[in-house]
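Subject: Structure handover, side-chain contacts

Hello,

Here is the structure for your side-chain work. Please open it first, then read the notes below it.

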Amino acid sequence: MSKLVIVESPAKAKNIKGYLGKGYDVVASMGHVRDLPAERLSVDIENDFAPKYEVIQGKAEFVKNLKKKADSSDYVYLATDPDREGEAISWHLATLLGLDLNDKNRVTFNEITKHGVTEGMSQPRSIDIDLVDAQQARRILDRLIGYKLSPFISHKIRRGLSAGRVQSVALRLIVDREEEIRAFVPQEYWSIDAKFTNPPGKKVFSAAVYSKNGKKLKITNKEQSDAVLAELENAQYEVASIKKGTRKKNPTPPFTTSTLQQEASRRLSFQAKRTMKAAQELYEGVDVNGLGTVGLITYMRTDSLRISEDARAAGNKYISETYGEKYLPKTPRYYKSKGNIQDGHEAIRPTMPNVTPESVKASLTSDQFKIYKLVWERFIASLMESCLQETVKAEIAAGEYIFVATGYTVKFDGFTALYEELKDDGGADSEAPLPELAKGDILKLKSILGNQHFTQPPSRYTEASLTKALEENGVGRPSTYVTITSTILSREYIKREGKQFVPTELGEAVTNLLKDKIPNIVDVKYTSKMENDLDRIDDGSENYVDMIRLYYDEFEAPLERAKKEMQGVKIRLKEEETDEICEKCGRKMVVKVGRFGKFLACPGYPECKNTKPLVFKTTAKCPECGGEVIEKKTKRGTSFYGCSNYPKCNFSTWDAPSDEVCPKCGKSLFKRKGNVLYCPDKEGCGFTKPAPRKKKSGEE
């Protein structure tokens, strides 16, 4: 019998074919094959919001060939990704291929290993229509909101803008945070910090003033600080009390999609897109020396913390053999997932816990290795015993004042022998151990200072902290976090400053307009409620058409009201002034945005209607006429480079110019594929050399 298996990616198709062997033809759909066409609304609002799907442009020939394969096969298996989006792709495929939706032809693979593929193929089921409806509800609502709202803000602010169900909330979080930072008024405060030794010991430790006459001390200026220091000038420092205790530090759970993105950002400075690319490759399968082609991690889009008992047993075996039985907790640790999640598959974990990162390093790219190491260490650590710490709190009396020193020593390292999660500031817990102290010890003062501090405003969001905020507020889902940030960046609603997101004037204008006129769209709690309601479609407890109607009605009414209230109103943004002088009237030209992107225009419009292309000068010189090489944009926004003397000089290239010149002929060098600098001299100079490699950074 011939059996056709349809997956989403070519890499996965190749690997699954290797496991299934003869009798199976495995093909990749390359993601969605059918969708709502972008050029029109494609939703029949008057007919229960019926979607009008079409085969995606460029895939008609593929679908035609796929139908032939399906018709000539004895059985067709739909093996798209094991999530809501994958279920919808399977449904679209079944519809296009004329398959019976009641057939048990849907299979899922939580891991691309021999075991995972065999297990998946042994448990075929019917397409889960509730999951499909949940995906359709989101897709249709997103189309309705985006299609109706984007023209409104484009008309009121500037052409070509977009708004969406989730992206607008993410943008509001960033804008609100910026407003908090602007409104923040720093408050001065001082600390009195001392360093002591405990004779005859030599170890120096730190303590700070905590109270005076039993009341917590608050020092707000230098005068108060100096007064305290004066009172302590000849003080004797005696240990008044020692409190010892123990505390447990538990490991963090295995990764979900969002926590993997957050930790990769903190620890590796990876942007989410980079993290997910490496994770997808590890899931779909890599060629590993000694193992063949195998998926090294489970499915990477998940918000579940569940792990299989087989994986737990394999992880425990590795811990026992490597670290010893004492590193295994007496009672197995189970992590509980928060909220309403898709629990159809596990947390992100290694498919073979005994395969260490170092053992496969030679077979992986640098990014694959770093992500696999994170996933593997996090999973193994999650199964290990807690870290046991012995804490010490010392109170040191000096006249009316009490200083406090705290510290801890590790009694048993537990999971920290392998892995410890970083905090949002990029560091781990750091508290120095104290020397042996006893009540009544007289301490030797090494130094004492008053230190000025100011309260700090809240930090701007980074990709990691924004993902965390969206997840904690129930906005969006793991599979959408990457596209949310990339969308608002590409629309120039926000910009990056280092790792931080800063809203642009345009982003603030969009958010303020929506907050004023259509507040539900940018309300975090409202969007979270919508997300939870949409999740209830998954299990069949809500009808997806009723859900769309409810939220569409609540969106449409304020939108129509806003259109009426703002007739003839246009929000003006501050125009970016340049040093380019208008040759017709002498004014400094400004940057404007048109149908095909940015251009220069005279601010004297309508008296002066002069416009010209916006070009970016480079340091390179044209190899043909010596003119300046400038960066230009195609209508699709792709960069290319040409001579500023066009049309007199027709030099142009896709290759980026460098700051270096040819040592043979002195002309500017350009960089082509393969990271090679070359001389473009047509007389045949022929000089080439490797381009200097950029310093490695997580910022792409």
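A residue is called buried under 20% relative accessible area, exposed over 50% and partly exposed in between, using a 1.4 Å probe and protein chains only. By that rule arginine 312 is buried, because its relative accessible area is 6%.

Two notes on the source. This is a predicted model, where local features need pLDDT of at least 70, side-chain atom pairs count only at pLDDT 80 or more, and totals for chains, interfaces and linings use all residues. Residues are numbered from 1 along each chain as its sequence is written, and side-chain values use heavy atoms, with hydrogens and water left out.

Arginine 312 has two contacts to report here, with Glu309 and with Tyr334. The salt bridge (a side-chain nitrogen of Lys or Arg within 4 Å of a carboxyl oxygen of Asp or Glu) joins arginine 312 to glutamate 309, with the closest N and O atoms 3.6 Å apart. Both residues belong to helix 10 (residues 309-322). They are 3 residues apart there, about one turn of the helix. Helices (H or I, at least four residues) and strands (E, at least two) are DSSP runs, numbered from the N terminus. Glutamate 309 is partly exposed, at 44% relative accessibility.

The charged end of arginine 312 also sits over the ring of tyrosine 334, 3.9 Å from the ring centre. The criterion is NZ of Lys or CZ of Arg within 6 Å of the ring centre and within 35 degrees of the ring normal. Arginine 247 does likewise with tyrosine 408: it lies over the face of that ring, 5.0 Å from the centre.

Other salt bridges

How many salt bridges does a search of the whole structure find? The count is 47. One of them joins arginine 139 and aspartate 35, at 3.0 Å from N to O. Arginine 139 is in helix 5 (residues 129-156) and aspartate 35 in strand 3 (residues 34-35), so this pair ties together parts 104 residues apart in sequence. Both ends are partly exposed: arginine 139 at 23%, aspartate 35 at 22%.

Arginine 549 and aspartate 546 also meet in a salt bridge, at 3.6 Å from N to O. They are 3 residues apart in helix 17 (residues 544-565), about one helical turn. Arginine 549 is partly exposed at 31%, and aspartate 546 is partly exposed at 46%.

Salt bridges link Arg84, Arg138, Asp142, Arg165, Glu531, Asp535 and Asp538.

Aromatic pairs

Rings of Phe, Tyr and Trp (its six-membered ring) pair if their centres lie within 6.5 Å; planes under 30 degrees apart are stacked, over 60 edge-to-face, and the rest tilted. The count by this rule is 16 aromatic pairs. In one of them, the rings of phenylalanine 196 and phenylalanine 205 have centres 5.9 Å apart and planes at 40 degrees, so the pair is tilted. Phenylalanine 196 is buried at 0%. Phenylalanine 205 is buried at 4%.

The rings of phenylalanine 640 and tryptophan 654 have centres 5.9 Å apart and planes at 65 degrees, so that pair is edge-to-face. Phenylalanine 640 lies in strand 25 (residues 639-643), and tryptophan 654 in the loop between strand 26 (652-653) and strand 27 (656-661), so the pair ties together parts 14 residues apart in sequence. Phenylalanine 640 is partly exposed at 21%, whereas tryptophan 654 is exposed at 60%.

One aromatic cluster is formed by Phe196, Phe205, Tyr237 and Phe403.

Best wishes
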